[in-house]
Amino acid sequence: MVKHILILPGDGIGPEIMAEAVKALKIANEKYSLEVELEFDDLGGAAYDHYGVPLADETLARARAADAVLLGAVGGPKWDTIEPALRPERGLLKIRSQLELFGNLRPAILYPQLASASTLKPDVVSGLDILIVRELTGGIYFGQPRERRTLDNGERQAYDTLPYSESEIRRIAKVGFDMAMVRNRKLCSVDKANVLASSQLWREVVEEVARDYPEVELSHMYVDNCAMQLVRAPKQFDVIVTDNMFGDILSDQASMLTGSIGMLPSASLDRNNKGMYEPCHGSAPDIAGQGVANPLATILSVSMMLRYTFNQVQAADAIEKAVSLVLDQGLRTGDIMSDGCRRVGTAEMGDAVASALENL
Ligand code: NAD
Ligand code: IPM
Ligand code: MN
(Lines give C-alpha, C1' and ligand atoms only; values in the text may rest on other atoms or scores of the structure.)
(Ligands and ions follow the chains in the order given, each with its own letter.)
Protein backbone atom coordinates (compact mmCIF):
# COMPACT_ATOMS: atom_id res chain seq x y z
CA MET A 1 0.00 0.00 0.00
CA VAL A 2 1.33 3.43 -0.93
CA LYS A 3 2.36 5.60 2.01
CA HIS A 4 2.15 9.34 1.60
CA ILE A 5 4.79 11.37 3.38
CA LEU A 6 4.52 15.13 3.60
CA ILE A 7 7.94 16.80 3.70
CA LEU A 8 8.19 20.24 5.29
CA PRO A 9 11.81 21.45 5.02
CA GLY A 10 11.11 24.76 6.80
CA ASP A 11 13.70 27.46 7.38
CA GLY A 12 17.42 28.03 7.94
CA ILE A 13 19.29 24.73 7.82
CA GLY A 14 15.92 22.94 7.41
CA PRO A 15 16.15 22.55 3.60
CA GLU A 16 19.85 21.56 3.82
CA ILE A 17 19.35 18.72 6.32
CA MET A 18 16.08 17.65 4.70
CA ALA A 19 17.77 17.10 1.33
CA GLU A 20 20.02 14.53 3.02
CA ALA A 21 17.17 12.83 4.88
CA VAL A 22 15.27 12.52 1.60
CA LYS A 23 18.30 10.82 0.01
CA ALA A 24 18.27 8.17 2.75
CA LEU A 25 14.50 7.80 2.55
CA LYS A 26 14.62 7.24 -1.21
CA ILE A 27 17.28 4.56 -0.91
CA ALA A 28 15.35 2.83 1.88
CA ASN A 29 12.25 3.02 -0.29
CA GLU A 30 13.95 1.18 -3.15
CA LYS A 31 15.81 -1.30 -1.03
CA TYR A 32 12.95 -2.31 1.25
CA SER A 33 10.03 -1.77 -1.19
CA LEU A 34 8.41 0.69 1.18
CA GLU A 35 6.12 2.24 -1.47
CA VAL A 36 6.48 5.75 -0.15
CA GLU A 37 5.44 8.80 -2.13
CA LEU A 38 6.78 12.19 -1.13
CA GLU A 39 4.97 15.52 -1.27
CA PHE A 40 6.53 18.84 -0.33
CA ASP A 41 5.11 21.98 1.26
CA ASP A 42 6.11 24.95 3.43
CA LEU A 43 5.95 25.51 7.19
CA GLY A 44 7.16 28.35 9.37
CA GLY A 45 8.92 31.34 7.86
CA ALA A 46 8.87 29.74 4.41
CA ALA A 47 5.09 29.40 4.69
CA TYR A 48 4.75 32.98 5.92
CA ASP A 49 6.65 34.17 2.85
CA HIS A 50 4.64 31.92 0.52
CA TYR A 51 1.13 31.92 2.03
CA GLY A 52 1.23 34.86 4.47
CA VAL A 53 0.71 32.52 7.46
CA PRO A 54 3.13 30.07 9.16
CA LEU A 55 0.78 27.12 8.52
CA ALA A 56 -1.67 27.37 5.64
CA ASP A 57 -5.02 25.55 5.89
CA GLU A 58 -4.18 23.60 2.74
CA THR A 59 -0.86 22.49 4.27
CA LEU A 60 -2.65 21.35 7.43
CA ALA A 61 -5.14 19.42 5.28
CA ARG A 62 -2.27 17.74 3.41
CA ALA A 63 -0.62 16.87 6.74
CA ARG A 64 -3.87 15.31 7.99
CA ALA A 65 -4.25 13.31 4.80
CA ALA A 66 -0.62 12.12 4.82
CA ASP A 67 0.46 8.93 6.57
CA ALA A 68 3.39 10.77 8.17
CA VAL A 69 5.04 14.19 8.18
CA LEU A 70 8.78 14.84 8.12
CA LEU A 71 9.87 18.30 9.26
CA GLY A 72 13.22 20.11 9.09
CA ALA A 73 13.11 23.14 11.40
CA VAL A 74 11.41 26.53 11.52
CA GLY A 75 12.24 30.05 12.57
CA GLY A 76 14.93 32.62 12.08
CA PRO A 77 15.85 36.27 12.59
CA LYS A 78 14.02 37.31 9.43
CA TRP A 79 10.68 36.57 11.14
CA ASP A 80 11.54 37.38 14.77
CA THR A 81 9.94 40.80 14.66
CA ILE A 82 6.64 39.98 12.94
CA GLU A 83 3.37 39.86 14.87
CA PRO A 84 3.62 37.01 17.44
CA ALA A 85 0.61 35.15 16.02
CA LEU A 86 2.33 34.86 12.63
CA ARG A 87 5.77 33.79 13.83
CA PRO A 88 7.17 30.57 12.28
CA GLU A 89 7.08 28.79 15.65
CA ARG A 90 3.31 29.27 15.78
CA GLY A 91 2.97 27.17 12.64
CA LEU A 92 4.85 24.34 14.32
CA LEU A 93 2.76 24.58 17.48
CA LYS A 94 -0.44 24.62 15.44
CA ILE A 95 0.40 21.52 13.42
CA ARG A 96 1.34 19.64 16.63
CA SER A 97 -1.86 20.69 18.32
CA GLN A 98 -4.19 20.19 15.35
CA LEU A 99 -2.84 16.71 14.65
CA GLU A 100 -3.02 15.94 18.41
CA LEU A 101 0.62 14.87 18.51
CA PHE A 102 0.80 14.78 22.29
CA GLY A 103 3.48 12.08 22.63
CA ASN A 104 6.96 13.38 21.84
CA LEU A 105 9.75 10.80 21.95
CA ARG A 106 13.26 12.24 22.14
CA PRO A 107 15.89 9.50 22.41
CA ALA A 108 19.38 10.50 23.52
CA ILE A 109 21.69 7.72 22.43
CA LEU A 110 25.46 8.00 22.39
CA TYR A 111 27.02 6.36 19.36
CA PRO A 112 30.21 4.84 20.83
CA GLN A 113 32.23 6.49 18.06
CA LEU A 114 31.24 9.89 19.49
CA ALA A 115 32.27 9.31 23.11
CA SER A 116 35.02 11.88 22.73
CA ALA A 117 32.73 14.39 20.99
CA SER A 118 30.66 14.91 24.12
CA THR A 119 31.75 17.71 26.43
CA LEU A 120 31.33 15.24 29.28
CA LYS A 121 33.90 12.62 30.26
CA PRO A 122 33.61 9.44 28.19
CA ASP A 123 32.90 7.23 31.24
CA VAL A 124 29.95 9.46 32.22
CA VAL A 125 28.28 9.06 28.83
CA SER A 126 29.54 5.79 27.33
CA GLY A 127 26.67 3.40 26.62
CA LEU A 128 24.11 6.15 27.19
CA ASP A 129 20.63 5.30 25.91
CA ILE A 130 17.83 7.31 27.48
CA LEU A 131 14.43 8.35 26.23
CA ILE A 132 12.70 11.60 27.09
CA VAL A 133 8.94 11.44 26.67
CA ARG A 134 7.73 15.02 26.41
CA GLU A 135 4.08 16.08 26.56
CA LEU A 136 3.68 18.16 23.41
CA THR A 137 0.21 19.65 23.06
CA GLY A 138 -0.56 21.07 26.50
CA GLY A 139 0.87 22.99 29.40
CA ILE A 140 2.26 26.49 29.28
CA TYR A 141 2.75 26.42 25.50
CA PHE A 142 -1.00 26.41 24.91
CA GLY A 143 -2.57 27.51 28.22
CA GLN A 144 -5.16 30.28 28.28
CA PRO A 145 -5.34 33.00 29.32
CA ARG A 146 -2.11 34.46 28.11
CA GLU A 147 -1.76 38.11 27.64
CA ARG A 148 0.46 41.10 27.34
CA ARG A 149 -1.05 44.26 28.77
CA THR A 150 -0.36 47.63 30.31
CA LEU A 151 -1.22 48.01 33.98
CA ASP A 152 -2.96 51.07 35.43
CA ASN A 153 0.41 52.37 36.64
CA GLY A 154 1.66 52.29 33.05
CA GLU A 155 3.90 49.25 33.55
CA ARG A 156 3.93 46.54 30.89
CA GLN A 157 3.00 43.07 32.14
CA ALA A 158 2.70 39.68 30.47
CA TYR A 159 1.67 36.26 31.71
CA ASP A 160 1.17 32.67 30.54
CA THR A 161 -0.89 29.90 32.09
CA LEU A 162 0.20 26.34 32.83
CA PRO A 163 -2.86 24.06 32.84
CA TYR A 164 -2.91 20.24 32.71
CA SER A 165 -6.06 18.16 32.87
CA GLU A 166 -5.93 14.63 34.25
CA SER A 167 -6.72 13.10 30.86
CA GLU A 168 -3.76 14.93 29.30
CA ILE A 169 -1.47 13.70 32.07
CA ARG A 170 -2.84 10.16 31.97
CA ARG A 171 -2.29 9.71 28.23
CA ILE A 172 1.31 10.94 28.28
CA ALA A 173 2.06 8.94 31.43
CA LYS A 174 0.84 5.83 29.60
CA VAL A 175 3.25 6.57 26.76
CA GLY A 176 6.04 6.81 29.33
CA PHE A 177 5.09 3.51 31.01
CA ASP A 178 4.60 1.73 27.67
CA MET A 179 8.05 2.85 26.54
CA ALA A 180 9.57 1.78 29.86
CA MET A 181 7.94 -1.66 29.44
CA VAL A 182 9.79 -2.28 26.16
CA ARG A 183 13.05 -0.90 27.56
CA ASN A 184 14.53 -1.31 31.06
CA ARG A 185 11.28 -0.83 33.01
CA LYS A 186 12.44 2.30 34.80
CA LEU A 187 10.44 5.49 34.56
CA CYS A 188 11.32 8.83 36.12
CA SER A 189 8.54 11.41 36.12
CA VAL A 190 9.97 14.92 36.23
CA ASP A 191 7.96 17.83 37.63
CA LYS A 192 8.06 20.81 39.98
CA ALA A 193 5.51 19.47 42.45
CA ASN A 194 7.15 21.34 45.32
CA VAL A 195 5.87 24.57 43.78
CA LEU A 196 3.35 24.16 40.96
CA ALA A 197 -0.28 23.04 41.30
CA SER A 198 -0.17 21.56 37.78
CA SER A 199 2.83 19.45 38.84
CA GLN A 200 1.05 18.27 41.99
CA LEU A 201 -1.79 16.92 39.84
CA TRP A 202 0.79 15.51 37.40
CA ARG A 203 2.42 13.48 40.18
CA GLU A 204 -0.93 12.26 41.51
CA VAL A 205 -2.11 11.05 38.10
CA VAL A 206 1.24 9.41 37.25
CA GLU A 207 0.91 7.46 40.52
CA GLU A 208 -2.57 6.33 39.50
CA VAL A 209 -1.39 5.17 36.08
CA ALA A 210 1.51 3.33 37.75
CA ARG A 211 -0.97 0.85 39.29
CA ASP A 212 -1.48 -0.62 35.82
CA TYR A 213 2.28 -1.10 35.39
CA PRO A 214 3.50 -2.98 38.49
CA GLU A 215 6.62 -4.17 36.62
CA VAL A 216 7.84 -0.61 36.07
CA GLU A 217 9.97 1.00 38.76
CA LEU A 218 8.63 4.55 39.04
CA SER A 219 10.46 7.48 40.57
CA HIS A 220 9.71 11.19 40.75
CA MET A 221 12.25 13.96 40.48
CA TYR A 222 12.09 17.73 40.57
CA VAL A 223 13.12 19.30 37.29
CA ASP A 224 15.99 21.34 38.75
CA ASN A 225 17.51 18.21 40.27
CA CYS A 226 16.94 16.34 37.00
CA ALA A 227 18.90 18.98 35.08
CA MET A 228 21.75 18.44 37.50
CA GLN A 229 21.50 14.62 37.50
CA LEU A 230 21.52 14.53 33.67
CA VAL A 231 25.00 15.98 33.76
CA ARG A 232 26.22 14.23 36.93
CA ALA A 233 25.13 10.68 36.16
CA PRO A 234 22.89 10.48 33.08
CA LYS A 235 22.94 6.68 32.90
CA GLN A 236 20.77 6.45 36.03
CA PHE A 237 17.82 7.21 33.71
CA ASP A 238 15.99 4.92 31.33
CA VAL A 239 12.76 6.74 30.43
CA ILE A 240 11.92 10.27 31.61
CA VAL A 241 8.36 11.53 31.25
CA THR A 242 7.73 15.22 31.66
CA ASP A 243 5.65 18.21 30.61
CA ASN A 244 5.95 20.32 27.50
CA MET A 245 8.36 23.03 28.64
CA PHE A 246 10.51 20.89 30.96
CA GLY A 247 10.82 18.32 28.15
CA ASP A 248 11.89 21.00 25.70
CA ILE A 249 14.68 22.18 27.96
CA LEU A 250 15.85 18.80 29.26
CA SER A 251 16.04 17.32 25.76
CA ASP A 252 18.38 20.06 24.53
CA GLN A 253 20.48 19.41 27.61
CA ALA A 254 20.44 15.63 27.04
CA SER A 255 21.50 16.15 23.44
CA MET A 256 24.95 17.29 24.54
CA LEU A 257 25.47 13.92 26.23
CA THR A 258 25.40 12.40 22.73
CA GLY A 259 27.96 14.83 21.32
CA SER A 260 25.66 17.36 19.67
CA ILE A 261 22.09 18.50 19.29
CA GLY A 262 22.66 17.55 15.66
CA MET A 263 22.36 13.89 16.73
CA LEU A 264 18.92 14.02 18.38
CA PRO A 265 15.89 12.87 16.37
CA SER A 266 12.28 12.91 17.53
CA ALA A 267 8.87 11.43 16.92
CA SER A 268 5.66 13.27 17.76
CA LEU A 269 2.83 10.76 17.89
CA ASP A 270 -0.94 10.80 18.19
CA ARG A 271 -2.98 8.06 19.88
CA ASN A 272 -2.68 5.84 16.78
CA ASN A 273 1.08 6.26 16.39
CA LYS A 274 0.54 8.43 13.34
CA GLY A 275 2.98 11.23 13.55
CA MET A 276 5.40 13.92 12.63
CA TYR A 277 9.16 13.39 12.74
CA GLU A 278 11.78 16.08 13.18
CA PRO A 279 15.21 16.71 14.62
CA CYS A 280 15.10 18.26 18.12
CA HIS A 281 17.25 21.18 17.04
CA GLY A 282 16.14 24.39 15.40
CA SER A 283 16.92 26.20 12.16
CA ALA A 284 20.43 27.16 13.34
CA PRO A 285 20.53 30.60 11.67
CA ASP A 286 24.19 30.98 12.70
CA ILE A 287 25.27 28.24 10.28
CA ALA A 288 22.41 28.29 7.73
CA GLY A 289 23.44 28.42 4.08
CA GLN A 290 26.98 27.21 4.76
CA GLY A 291 26.43 23.50 4.06
CA VAL A 292 27.96 22.51 7.40
CA ALA A 293 24.93 21.44 9.47
CA ASN A 294 24.77 17.91 10.79
CA PRO A 295 21.98 16.04 8.94
CA LEU A 296 22.09 12.93 11.16
CA ALA A 297 19.27 13.97 13.54
CA THR A 298 16.95 14.34 10.55
CA ILE A 299 18.16 11.09 8.95
CA LEU A 300 17.58 9.33 12.29
CA SER A 301 14.10 10.89 12.41
CA VAL A 302 13.39 9.05 9.15
CA SER A 303 14.40 5.86 10.93
CA MET A 304 11.97 6.66 13.77
CA MET A 305 9.23 7.25 11.20
CA LEU A 306 9.81 3.86 9.59
CA ARG A 307 9.84 2.21 13.02
CA TYR A 308 6.90 3.87 14.75
CA THR A 309 4.42 4.78 12.03
CA PHE A 310 5.18 2.22 9.33
CA ASN A 311 6.44 -0.68 11.44
CA GLN A 312 9.31 -1.20 8.96
CA VAL A 313 11.77 -2.38 11.57
CA GLN A 314 14.33 -3.74 9.12
CA ALA A 315 14.55 -0.49 7.15
CA ALA A 316 14.65 1.56 10.37
CA ASP A 317 17.48 -0.58 11.75
CA ALA A 318 19.34 -0.29 8.44
CA ILE A 319 19.34 3.51 8.56
CA GLU A 320 20.76 3.47 12.09
CA LYS A 321 23.37 0.94 10.99
CA ALA A 322 24.32 3.13 8.01
CA VAL A 323 24.81 6.11 10.35
CA SER A 324 27.01 4.00 12.58
CA LEU A 325 29.10 2.79 9.61
CA VAL A 326 29.70 6.35 8.46
CA LEU A 327 30.84 7.31 11.95
CA ASP A 328 33.15 4.25 11.85
CA GLN A 329 34.65 5.70 8.67
CA GLY A 330 35.61 8.77 10.72
CA LEU A 331 33.40 11.26 8.88
CA ARG A 332 32.25 14.14 11.09
CA THR A 333 30.40 17.40 10.63
CA GLY A 334 31.90 20.30 12.62
CA ASP A 335 29.60 19.89 15.64
CA ILE A 336 30.84 16.31 16.33
CA MET A 337 34.40 16.76 15.08
CA SER A 338 37.26 15.26 17.07
CA ASP A 339 40.96 14.51 16.57
CA GLY A 340 41.85 12.05 13.85
CA CYS A 341 38.48 12.38 12.07
CA ARG A 342 37.68 13.89 8.70
CA ARG A 343 35.51 17.00 8.65
CA VAL A 344 32.73 16.87 6.05
CA GLY A 345 29.82 19.08 5.09
CA THR A 346 26.08 18.35 5.20
CA ALA A 347 25.86 16.87 1.70
CA GLU A 348 28.96 14.73 2.01
CA MET A 349 27.65 13.29 5.26
CA GLY A 350 24.24 12.62 3.67
CA ASP A 351 25.86 11.00 0.62
CA ALA A 352 27.98 8.77 2.85
CA VAL A 353 24.92 7.57 4.79
CA ALA A 354 22.98 6.98 1.56
CA SER A 355 25.82 4.98 0.09
CA ALA A 356 26.35 2.95 3.30
CA LEU A 357 22.62 2.18 3.28
CA GLU A 358 22.70 1.16 -0.36
CA ASN A 359 25.63 -1.20 0.23
CA LEU A 360 24.36 -2.83 3.42
P1 NAD B 1 19.07 25.90 17.29
O2 NAD B 1 18.81 24.50 17.71
O3 NAD B 1 18.61 26.30 15.96
O4 NAD B 1 20.64 26.20 17.39
C5 NAD B 1 21.35 26.12 18.62
C6 NAD B 1 22.84 25.89 18.33
O7 NAD B 1 23.00 24.55 17.86
C8 NAD B 1 23.40 26.79 17.23
O9 NAD B 1 24.70 27.14 17.54
C10 NAD B 1 23.35 25.91 16.00
O11 NAD B 1 24.31 26.22 15.02
C12 NAD B 1 23.59 24.53 16.60
N13 NAD B 1 22.93 23.48 15.78
C14 NAD B 1 21.61 23.21 15.74
N15 NAD B 1 21.36 22.24 14.87
C16 NAD B 1 22.54 21.86 14.35
C17 NAD B 1 22.93 20.89 13.39
N18 NAD B 1 22.04 20.08 12.78
N19 NAD B 1 24.24 20.77 13.09
C20 NAD B 1 25.15 21.56 13.70
N21 NAD B 1 24.84 22.50 14.61
C22 NAD B 1 23.54 22.65 14.94
O23 NAD B 1 18.42 26.84 18.43
P24 NAD B 1 18.29 28.44 18.49
O25 NAD B 1 19.49 29.08 17.91
O26 NAD B 1 17.89 28.73 19.85
O27 NAD B 1 17.04 28.76 17.56
C28 NAD B 1 17.12 29.17 16.21
C29 NAD B 1 15.74 29.20 15.59
O30 NAD B 1 15.22 27.89 15.50
C31 NAD B 1 14.73 30.00 16.39
O32 NAD B 1 13.93 30.70 15.48
C33 NAD B 1 13.94 28.95 17.12
O34 NAD B 1 12.63 29.36 17.45
C35 NAD B 1 13.94 27.85 16.12
N36 NAD B 1 13.76 26.50 16.65
C37 NAD B 1 12.99 25.65 15.91
C38 NAD B 1 12.85 24.32 16.28
C39 NAD B 1 12.02 23.42 15.45
O40 NAD B 1 11.71 23.76 14.32
N41 NAD B 1 11.65 22.27 15.92
C42 NAD B 1 13.53 23.86 17.42
C43 NAD B 1 14.32 24.75 18.15
C44 NAD B 1 14.44 26.07 17.75
C1 IPM C 1 11.43 22.24 19.76
C2 IPM C 1 11.42 23.74 19.60
C3 IPM C 1 9.99 24.25 19.65
C4 IPM C 1 9.45 23.95 21.03
C5 IPM C 1 9.79 25.75 19.32
C6 IPM C 1 10.46 26.14 18.04
C7 IPM C 1 8.33 26.09 19.26
O8 IPM C 1 12.22 24.34 20.56
O9 IPM C 1 10.82 21.54 18.93
O10 IPM C 1 12.08 21.74 20.69
O11 IPM C 1 9.69 24.71 21.98
O12 IPM C 1 8.75 22.95 21.17
MN1 MN D 1 13.41 22.94 21.73
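Some housekeeping: residues are numbered from 1 along each chain as its sequence is written, and chains are lettered from A and ligands numbered from 1 in the order in which they are written. Since the model is predicted, local features need pLDDT of at least 70 and side-chain atom pairs count only at pLDDT 80 or more, while totals for chains, interfaces and linings use all residues.

Let's start with ligand 2. Around ligand 2 sit Gly75, Glu89, Leu92, Leu93, Asp248, Cys280 and Gly282, where "around" means a C-beta atom, placed from the backbone, within 6 Å. Helix α4, residues 88-98, gives the most to that shell, with three residues; helices here are DSSP runs of H or I, at least four residues, numbered from the N terminus.

Now the core. The largest nonpolar core has 108 residues, and Ala24 and Ile319 have the most contacts inside it. By nonpolar core I mean buried Ala, Val, Leu, Ile, Met, Phe, Trp, Tyr and Cys residues joined through C-beta atoms within 7 Å. Ala24 touches Ile299, Val302, Ile319, Val353, Ala354 and Leu357, leaving out residues up to four places away in sequence; contact means C-beta atoms, placed from the backbone, within 7 Å.

Last one: is Ser301 buried or exposed? Ser301 counts as buried because it has 24 C-beta neighbours inside 10 Å; the cut-offs are 20 or more for buried, 12 or fewer for exposed, and partly exposed in between. Ser301 is in helix α10, residues 296-308. Beyond four places in sequence, its contacts include Ala21, Leu70 and Tyr277.

Notes: Helices (H or I, at least four residues) and strands (E, at least two) are DSSP runs, numbered from the N terminus. Two residues are in contact if their C-beta atoms, placed from the backbone, lie within 7 Å.
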